[in-house]
Amino acid sequence: MYTEKVMELFMNPKNVGRIEDADGIGEVGNPVCGDVMKIYLKIKDDRIVDVKFETFGCAAAIATSSMVTEMVKGKTLDEALKVTNKDVAEALGGLPPQKLHCSLLAEEGIKAAIEDYLAKRGNDNKKESGEKQCVKA
């Protein structure tokens, strides 16, 4: 059912854990199967210098989380945003059709973490420039 690479990363995942002072955090989930991924990014000069994940899910969810972290580590934000679920699945040697949604979660998790970083940075830039921020009550 699973490739050797999927089983290897399920049994010995890379980059597991959290980054306490993460620059960006993305959390995504699939309500149908219950998989939840949380991706943490440390970014310096628009480059991902560290990435970790916490995933609650099946073997494919854990393997795709591990694989996507390996694929984006060291990349610029623009390069990381170009990593697709197809890239993740191919790097794992393929996934069963009913598990392809796991690779989509991995792609979405990275994108959500980058979006979080950019949103925080945008707010920091506004604060530094003295712009007032509107807060809805």
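1. In this predicted model, the contacts of Lys 42 beyond its sequence neighbourhood, with residues up to four places away left out, are Ile 19, Asp 21, Asp 23, Arg 47, Ile 48, Val 49 and Asp 50. Lys 42 itself belongs to strand S2, which covers residues 36-44.

2. The backbone oxygen of Asp 21 lies 2.9 Å from the side chain of Lys 42. In sequence the two residues are 21 positions apart, while their C-alpha atoms are separated by 7.9 Å.

3. Is Lys 42 buried, partly exposed or exposed? Its relative accessibility is 23%, and Lys 42 is therefore classed as partly exposed, since buried requires a value under 20% and exposed one over 50%.

4. The strand that carries Lys 42 is paired with S3 (residues 47-56) in an antiparallel arrangement with nine bridges. One of the bridge pairs joins Tyr 40 to Lys 52 in S3. Arg 47, Ile 48, Val 49 and Asp 50, included in the contact list of Lys 42, fall within the residue range of S3.

5. A separate point concerns helix H2, residues 59-72. Its 14 residues extend 20 Å from the first C-alpha to the last, close to the expected 20 Å at 1.5 Å a residue. H2 is mostly covered, with 13 of its 14 residues buried. After H2 comes Gly 74, which also has a positive phi, near 90°.

Notes:
Residues are numbered from 1 along each chain as its sequence is written. This is a predicted model: local features need pLDDT of at least 70, side-chain atom pairs count only at pLDDT 80 or more; totals for chains, interfaces and linings use all residues. Side-chain values use heavy atoms; hydrogens and water are left out. Helices (H or I, at least four residues) and strands (E, at least two) are DSSP runs, numbered from the N terminus. Buried means under 20% relative accessible area, exposed over 50%, partly exposed in between (1.4 Å probe, protein chains only). Contact means heavy atoms within 4.5 Å. A polar contact is a pair of N or O atoms within 3.5 Å; within protein, one must be able to donate a hydrogen and the other to accept it, and residues adjacent in sequence count only if both atoms are side-chain atoms. Two strands pair if DSSP finds at least two bridges between them. The expected span of a helix is 1.5 Å times one less than its number of residues.
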